[in-house]
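Subject: Handover of a structure

Dear colleague,

Please find the structure below, handed over for your study.

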Amino acid sequence: MDLDAIFVGGGVIGLSGAWRAARRGLSVAVVDPAPGHGASWVAAGMLAPVTEAHFGEERLVSLLVAGADRWASFAAELEETTGLDIGYQRCGTAVVALDTSDRAVIDDLLELQWSFHLDSVRLSGSQCRDLVPALAPGVRGGAHVPGDHQVDNRRLIAALLRACALSGVDLVASEVVEVTTRVDRSATGVRLIDRSVIEASTIVLCAGSETGLLGGVPPDVLPPVRPVKGVVLRLRGSASVPLVTRTVRGLVHGRSCYLVPRADGSLVLGATSEERGFDRTVQAGAVHALLDDARALIPGIDELELVECMAGLRPGSPDNGPFVGWTEVPGLAAATGHFRNGILLAPLTADALVAMVVGNPVPDPLSGFGLGRVIRGGSGHAASTSARPISTRTPER
Ligand SMILES: Cc1cc2nc3c(=O)[nH]c(=O)nc-3n(C[C@H](O)[C@H](O)[C@H](O)COP(=O)(O)OP(=O)(O)OC[C@H]3O[C@@H](n4cnc5c(N)ncnc54)[C@H](O)[C@@H]3O)c2cc1C
């Protein structure tokens, strides 16, 4: 019997969508040779609509704010379902500047945030140190952003995998080589690397930065995502005497870095942003630069143990916004291109994917983030033409 939906890729997007769809009573499979070990594993887990607000991205900022609003209930339901703590911390964020030019940049960003009615408060250098006592004496000032929180993305992945298993999602440990189609071009399923085929009414492409590489359909049907490399370090600290207790995002002579504290006292230190194709090597220079900048802000990191250096590939898009919607191939949907905010946007994206799979339009605010905005002839609102409505078997719990 055909499935209702196949999710190609089991990162935070595919796993969240599959879990929510299975909760809705749909029959679902996720195909991934290494679920949860793409960008979703490397990420820092910041849920940061305010500090991710950039000039010229007004529409995206509204989406990020909506994404953040969805998090508390998503986290509560996931923890209740699985009995696992996902490290969702409403810890707020301090933004700090090392020199006066950095301070001027942060002041400009504050003006932007206030123009969007986002909640952030300008701080002097000493107010920054009151908020984060571990900061270096030279820090010039910055801001407090009380609503930018975090989740431990690795705990999140573990919980999503368990939630999927508990909800009956079929986790297929394999690689999809192509989408299979009928003569009328509609999608019927996926062919795996061992040549076997799985069929479903809807195929959702959520293979992160590799989504554009899938075969079986013309390349220009696929969302134009590209890999944007980010190197992240993990430092081990003390849970009983944590160095910092809220996220610190800093500017150091024009370069940005962040330190995200976990409940166990460890710190996630990131990140570079590099256009190097699918290269995942960690270069010494990147590690050196990150450590150098972070210790200029928080000298105490010198005493922590460096336990991991890893590179991940963000799924970048031409306008930094995600692609969530139908492709031109009937039955073939995409959810990718979440770039720097895939963890933040996972709950909202999952809701949209469930709506699509059951034959409803993509809900706001994701309705404006279809493929039609960049692909000639595509449609951002194609649910009515490409979705194949199906009925759910059990009511949502
Ligand atoms: C350094 C760094 C820091 C980040 N920090 C944050 C942050 O603080 N907050 C935030 O919100 N976001 C952050 N992000 C962004 C976030 O990690 C991504 O947007 C998000 O993880 C994308 O999820 P995804 O499921 O689309 O992709 P991925 O997590 O990359 O998952 C894609 C999956 O598809 C699978 N796949 C690929 N090809 C195939 C195939 N042919 N067949 C089957 N499976 C396939 C892969 O194995 C992989 O598991 C960060 C990213 C990086 C790299």
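**The ligand and its surroundings**

An oxygen atom of the ligand lies 2.6 Å from an N or O atom in the side chain of Asp 32. This pair is a polar contact, a term for two N or O atoms within 3.5 Å; within protein, one must be able to donate a hydrogen and the other to accept it, and residues adjacent in sequence count only if both atoms are side-chain atoms. Please note that this is a predicted model, in which local features need pLDDT of at least 70 and side-chain atom pairs count only at pLDDT 80 or more, while totals for chains, interfaces and linings use all residues. Residues are numbered from 1 along each chain as its sequence is written, and side-chain values use heavy atoms, with hydrogens and water left out.

A backbone N or O atom of Ile 13 is 3.2 Å from an oxygen atom of the ligand, and a polar backbone atom of Ala 44 is 3.3 Å from a nitrogen atom of the ligand. Taken alone, the ligand exposes 1,000 Å², of which the protein buries 95%; these accessible areas come from the Shrake-Rupley method with a 1.4 Å probe, and for residues only the protein chains shown count as cover.

How many residues surround the ligand? There are 38, and the closest are Asp 32, Ser 40, Met 46, Phe 339 and Arg 340; a residue counts as near if one of its heavy atoms lies within 4 Å. By class, this shell has 19 nonpolar, 14 polar and 5 charged residues. Here Ala, Val, Leu, Ile, Met, Phe, Trp, Tyr, Cys and Pro count as nonpolar, Asp, Glu, Lys and Arg as charged, and the others, Gly among them, as polar.

Among the elements that each supply at least two residues of the shell are helix H1 (12-23), strand E12 (226-236) and helix H9 (342-357). Helices (H or I, at least four residues) and strands (E, at least two) are DSSP runs, numbered from the N terminus. The ligand lies between domain 1 (3-42 + 155-224 + 318-386) and domain 2 (93-146 + 227-316), because both give residues to the shell; the domain bounds come from an automatic or database assignment.

**The protein as a whole**

The protein has 10 helices and 18 strands. Its C-alpha trace spans about 65 × 40 × 40 Å along the principal axes. Of its 397 residues, 57% count as buried, where buried means under 20% relative accessible area, exposed over 50%, and partly exposed in between (1.4 Å probe, protein chains only).

**Individual residues**

Ser 120 is found in the loop between helix H5 (100-115) and strand E5 (121-124). Ser 120 is buried, at 8% relative accessible area, and its side chain makes a polar contact of 2.8 Å with the side chain of Gln 113.

His 117 belongs to the loop between H5 and E5. Is His 117 buried or exposed? His 117 is exposed, with a relative accessibility of 74%.

Two kinds of backbone geometry deserve attention. Most residues other than glycine have a negative phi, and most peptide bonds are trans. His 117, although not a glycine, has a positive phi of about 60 degrees, and Arg 195, also not a glycine, has a positive phi of about 75 degrees. The peptide bond from Gly 270 to Ala 271 is cis, with omega near -15 degrees, and the bond from Asp 364 to Pro 365 is cis, with omega near 0 degrees.

Yours sincerely
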